[in-house]
Structures are given as C-alpha cells and as structure tokens.
Amino acid sequence: MEFGIVKEIDPDRLVEHGIRAVGDSWAPRVLRWTAGGVTLLEMHSSSTELAIDNVTAYAGHAVFAFIEADSLSLRRLDGSWWQGRGDLMISVFGSSLGLRVQGAWRAIVTLIPRAMMTTFVSTLSVDTQVFSDRRLLDRAMQNFVEGLLKVAHEQATAIERYAVERLIVEMGEAILLDRWGAMSGPRSPRAALRDQAIAVIAQQCADPNLTPTRVAREVHSSLRKLQIVFAEFGNSVAGEIRRQRTCIARSLLTDSRYDVLSIEQIAEQAGFRTTMSLRRNLEQAYKMTPRALRTGRSIELGPPG
C-alpha cells in the first residue's frame, strides 16, 4: 500500500485486519490509511454479525474503535450478549470477540503499536473496555481520523505523515489517561499526578528544552514531590523524557521514509541535543546504534526498557 493515500479496499481483505462476517454475506465499504506504524480503517455497512480477532492480526497494537449504530451487541466471555449503543471500544492488548449490529452502522478504527505509547500502558486491563459515555477527547480523536479519511487520493508529505502519526499516538495516550479511572478503579492522587506528568512529556518531549523542572511546573507540583512519585513506579522524570525521545528516534530510524534525514536531524527531531546522547540512549534501550537500527529494520523491537 502507498503511504499517505486513502484507499478503498476489497471487503475480503478485512480478514487481514482480524475482521470477518458470520453467516450471511455483507458488502461493507472500507477505507484504509496508514501513517508510519498507525493504521486507520473506516467501515460502513448494515445489519451483520462480526467475529473480531485483533490478537492474531495486530499483536502488539492498541485498538480504538468508534462505533455508531442504532443497536449494537457485544458477546461476553461467558457467551452471553450485552446490548449497547454508539460506543467507544478500547482493546490495549488485542481481543477475540463477537459483535452484532442492527441497521445501518459505521465504525472508525485506529490501530496504534503499543511500543509507540507510554510505559503505563503495560499496567492496563487485558480485557476489551466498552464506554457508552462519550467524552471530549474521544470525539476529538474520532473527528480527526474521520477528517483524514475524507482526504482521499491526496498524497501526504513525509513531514505530514510523521506529524499525523504523532498526533494520533498522543490522542490515543490521552484517551487512555482520561479513561484510566474507569479502566482500573479509583486512582490515588500520586498516581494521577504521574499520569498528568506523562501526558505533558508525551506532548513536549521533542522539545530539547523540556526538563523535569518544567514538567513539574506544568502539573503544578514541586520537582521533589514529582520525583518521589515517579520513583514509586521505578522510574524518574528525566528517565521518562529520555524514554519517550528514544521511542521517537527509533520510529524515525526504522522507517525508510525518513532516510533523507541525517542522524543529526533525527536527534534534533526526537529532542536530543547531541548525536552522542541519541546514540547512548538507543544503545541502552535497544542495544543498537542509530545506524544499526536504520539498516536492521526487519528486526522486531519491543518498547525501550
């Protein structure tokens, strides 16, 4: 597939995305768009039952599905069906589930590699979460993705694709932070403070002037208090800034579209002041140099440690 262009794909190819119809045939209209590691899908159809398997099709991805339907039912683990309406479904670690939809329906699906997201993702529930109450961040992400999918057959530049990829990742992270209480119960004030700090870092880590002191100021905390909170989770504010910058650098180095950028430019785009700092953090996280990452793209890499 050509990056940066919205494509209408054959419904049969939805099997590649872990989606298949159960029983009667269906004729959905399907659009697909990719930006780096992020994949977007839009589907329109009428009454049908679907079997969804994200575990096989998108191992290592978080899935955000915005579904608009008059009547929607989700199969529970015990085999019973739960009735809903237009919902947001989030599956951080993939899922195998059944979905019944009556009447005309539409789904916007965003798939984001977990390795591109922040560290707290690993602590979330493995079950698919369904939210019937729609919030500002949910709607903002849905509207943004819908807007992208309307720009059919227009070629995006490398910078545009990179910017879109980062925006979608940040919106996904923000939704998880916003929904954290619903997904794992009440959060302590200290954990909530850390979540806020992680959100600030995710938004600003590409700025080389971002420091722990500035993060503390953004979340209205003393630096000492914020450092203690991060230490409770086995990390530090500076360490999280470096980790997220390293994720950005790894994403750029392993994507052939950014081969036009020098190592110095990669360091600058990721928020590192020097190539030496970039190299040191990549070697610590992935045991690989920038050049090795760029030439070894077939190697499967996990999130930085």
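Ser221 touches Leu193, Ala216 and Leu226, leaving aside residues up to four places away in sequence. Contact here means heavy atoms within 4.5 Å. Ser221 sits in the loop between helix H6 (212-218) and helix H7 (223-232). Helices (H or I, at least four residues) and strands (E, at least two) are DSSP runs, numbered from the N terminus. At 16% relative accessibility, Ser221 counts as buried. The classes are buried (under 20% relative accessible area), exposed (over 50%) and partly exposed (in between), with a 1.4 Å probe and protein chains only.

The model is predicted: local features need pLDDT of at least 70, side-chain atom pairs count only at pLDDT 80 or more, and totals for chains, interfaces and linings use all residues. Residues are numbered from 1 along each chain as its sequence is written, and side-chain values use heavy atoms, with hydrogens and water left out.

The protein chain has eleven helices and ten strands. Of its 305 residues, 51% are buried. Among contacts in the protein chain with a separation of 6 or more, 73% join residues 24 or more positions apart.

Ala197 gives one example of a buried position. Ala197 belongs to helix H5 (residues 189-204). Its relative accessibility is 0%, so Ala197 counts as buried. Beyond residues up to four places away in sequence, Ala197 touches Val215, Val219, Leu226 and Phe230. Leu226 is 29 residues from Ala197 along the chain, and their C-alpha atoms are separated by 8.3 Å. Leu226 is also one of the residues touched by Ser221.

Strand E8 (residues 87-91) is mostly covered, with five of its five residues buried. Asp87, Met89 and Ser91 point one way from E8, while Leu88 and Ile90 point the other way. E8 pairs with strand E6 (residues 61-75) in the antiparallel sense, over five bridges. Two strands pair if DSSP finds at least two bridges between them. Ser91 of E8 is the bridge partner of Val63. E8 also pairs with strand E10 (residues 129-131), again in the antiparallel sense, over three bridges. There, Leu88 stands opposite Phe131 in E10.

Helix H8 (residues 237-253) and helix H10 (residues 275-286) have axes that come within 10 Å and cross at roughly 90 degrees. H8 is therefore roughly perpendicular to H10. Axes are lines fitted to C-alpha atoms, for helices over the stretch in contact, and angles run from 0 to 180 degrees between N-to-C directions. Angles under 35 degrees count as roughly parallel, over 145 as roughly antiparallel, 65 to 115 as roughly perpendicular and the rest as oblique. H8 contributes Arg242, Thr246, Cys247, Ala249, Arg250 and Leu253 to the contact, and H10 contributes Leu278, Asn281, Leu282, Ala285 and Tyr286. These residues divide into seven nonpolar, two polar and two charged. Ala, Val, Leu, Ile, Met, Phe, Trp, Tyr, Cys and Pro count as nonpolar, Asp, Glu, Lys and Arg as charged, and the others, Gly among them, as polar.

The cysteines were examined for disulfides. A disulfide is a covalent bond between the sulfur atoms of two cysteines. The criterion is a pair of cysteine sulfur atoms within 2.5 Å. By this rule the count is zero disulfides. Cys205 is in none, and the nearest cysteine sulfur, in Cys247, lies 8.5 Å away. For Cys247, the closest cysteine sulfur is that of Cys205, which is too far for a bond. Cys205 is buried, at a relative accessible area of 1%. Cys247 is buried as well, at 10%.
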